Amino acid sequence: MYARAATWWTILRISIEERLVYRGDFALGTLMRFLPIVTQIFLWQAILATIADGDVKGYAHGDMVAYYLLTMISRAFSSMPGLASGIALQVREGEIKKFLVQPIDFIGFLLLSRIAHKLVYYLISAGPFAFVFFLCRGFFINGWPEPEVFLCYVLSLIMGFVLGFFLEATLGLIGFWWLEVSSLLFVYMLFNFFLSGHMFPLDLLPEPWSLLVDLLPLKYLAYFPASVFLGKVEGVELIRGLWIELAWIVFFIVAARFLFWRGVRRYSGFGG
Amino acid sequence: MTTAKRAPYLQVFKTFLRNSLVREMTFRSNFVIQCISSLSWTVMNLGFYLLIFSHADQIGPDTGWGKYEFFVFLSTTMFINTFVQAFFMPNAQEFSELIRRGNLDFALLKPIDTQFLISLSKVEWSACANFMAAGVLFIFSVWQLMARPENPLSLSWFAIVLYLFYLACGVVILYSLMISLAATSIWLGRNQSLYNFWFYITNFARYPMEIYQQGWGLPLWFLFTFIVPVLVVVNVPARLMAQPVAETSPSTTFLAVFAVVATVGSFVASRWIFTRALLSYRSASS
């Protein structure tokens, strides 16, 4: 048991050090990532100015800015750049062999290196994030949420990370069958961009569409945490949302495990 | 070298076109998938704007960017972007690899202008799908503007020629920006964030410039109009086409004249940056 924990700890430490190599590039990249939001904010400012009461379905200008900034945080937890394509690449190039002979769990290894990646990311991006949020503090009209709501917010962020990880891992593991998953990933990215709430607050959608996004797990990756923070989802609905998110997590953990188990049985590695 | 025969640029370009088409047709299903995926991106985007216009009737008070005017704007963006994507994007991305691996040597040795060679050698035909989608959207929106009862749009041949001219200007400005960014990879060794940087900058060009013309948007508006002129790329042709009423206003005339200056300026500047960058090229291993 102790030896096992020590192994995982070593993996985590190595991954963290690996990530810290490119810290300058990282910090700059984080600041640049706010740029697309700037245009989005100007767009909504212009749109809201044409509407009589200056708000769309409860989003006034301040809420809109706050919403976009909060989705940046949601995405900082839930986005997994290169995870699915990396898994598919390892399957295709045969690198995955090494996990089949070593006593290390492939998915567990990926999860740890991803946690390391995220930890380093938060460490370095905390500065730029704090700077931008400080500049924009005036847009958060309602200030900080209640402590218990804030707790739910943090929970929804962490669950967003886990959901994002297992969802993408599942997609990547389809690579055992398809080998090339880039077109599948493009479709996923497309849906993710529009239906996770990254592009606009999902509650602006009219009927059949709003039902659709409610049925998909994507909204937990960006929209849900942000709307918890802003108090758009409260009380029973908030608790229900967290339970549904948990159900999705369980679903994708099982799916990823199942695909890996079936995939390894199907896989044949050649060469050394 | 003045006595050397002028390289047959047009013929070489035709060969590039043909080769790329052959390459794309070798992987036909991949081609179809690429067309479909870029089209679905467009459809989603259109959905987003339809959502906006279900809540508001124009973008910004008194800017004149109503639903169909904005769709003319959007199709103009698509025309220019697909053009850049088809001709320059694949090459600019490859340029950084050419440098890193030292393969630029081969391009330098060929008896043809290096910038021409590395800018156009690969053409992405699948961008045609989006180009056609833009065409449909454009025709539909212009028709809607012409058919509306109040203040209908009347099109003159002059307006169409002017529109095409400014589309070309837009493409040249974006090309200049892209090739300058790509050229920096000679100094940096490798420039993987080229695509990101490109995306972040051109992101500003996607909306009418009126939305920046207030408050703390003004410095941005100034920066992206006069220093890095990406805002004039779509705004000028779209405004001339969709809002001919504004054609006579001094600001539009000024912008139209400025757009020509900006086009020539960016092209000359990018050419200068490119040739300067080539001078610093020191091959890689061998």
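Predicted model: local features only at pLDDT ≥ 70, side-chain atom pairs only at ≥ 80, totals over all residues.
Residues are numbered from 1 along each chain as its sequence is written, chains are lettered from A and ligands numbered from 1 in the order in which they are written, and side-chain values use heavy atoms, with hydrogens and water left out.

Let us stay with B:Thr42 for a moment. B:Thr42 sits in helix 2 of chain B; helices here are DSSP runs (H or I, at least four residues), numbered from the N terminus. With a relative accessible area of 14%, B:Thr42 is buried, where buried means under 20%, exposed over 50% and partly exposed in between (1.4 Å probe, protein chains only). Leaving aside residues up to four places away in sequence, B:Thr42 touches B:Met78 and B:Asn130.

Now to the interface. In all, 28 residues of chain B are in contact with 30 residues of chain A, contact meaning heavy atoms within 4.5 Å. The two chains bury about 2,800 Å² between them, 83% of it on carbon and sulfur atoms; buried area is the accessible area (1.4 Å probe) that two parts lose on being put together, summed over both. On the chain B side, B:Trp41, B:Met44 and B:Tyr200 lose the most area to chain A, together 23% of what that side buries. Helix 2 (28-55) and helix 9 (194-202) of chain B each supply at least two residues of the side that touches chain A, and helix 2 gives the most, with ten residues. By class, that side of chain B has 18 nonpolar, nine polar and one charged residues. Here Ala, Val, Leu, Ile, Met, Phe, Trp, Tyr, Cys and Pro count as nonpolar, Asp, Glu, Lys and Arg as charged, and the others, Gly among them, as polar. Four residue pairs, both at pLDDT 80 or more, are in polar contact between chain B and chain A.

In helix 11 of chain B, twelve of its twelve residues are buried, among them B:Asn235, B:Pro237 and B:Arg239. What covers the buried residues of helix 11 includes helix 3 (67-87), helix 7 (127-147), helix 8, helix 10 and helix 12 of chain B. The buried residues of helix 12 of chain B include B:Leu255, B:Phe258, B:Ala262, B:Ser266 and B:Phe274. The buried residues of helix 12 pack against helix 4 (89-101), helix 5 (104-109), helix 6 (114-120), helix 8 (157-188), helix 10 (218-227) and helix 11 (231-242) of chain B.

B:Ala147, in helix 7 of chain B, is exposed, with a relative accessible area of 52%. A:Lys57 lies in the loop between helix 3 (35-50) and helix 4 (61-78) of chain A and counts as partly exposed at 47% relative accessibility. Phi of A:Lys57 is near 45°, a positive value in a residue other than glycine.

Definitions and conventions:
Polar contact = N/O pair within 3.5 Å; in protein donor to acceptor, adjacent residues only side chain to side chain.
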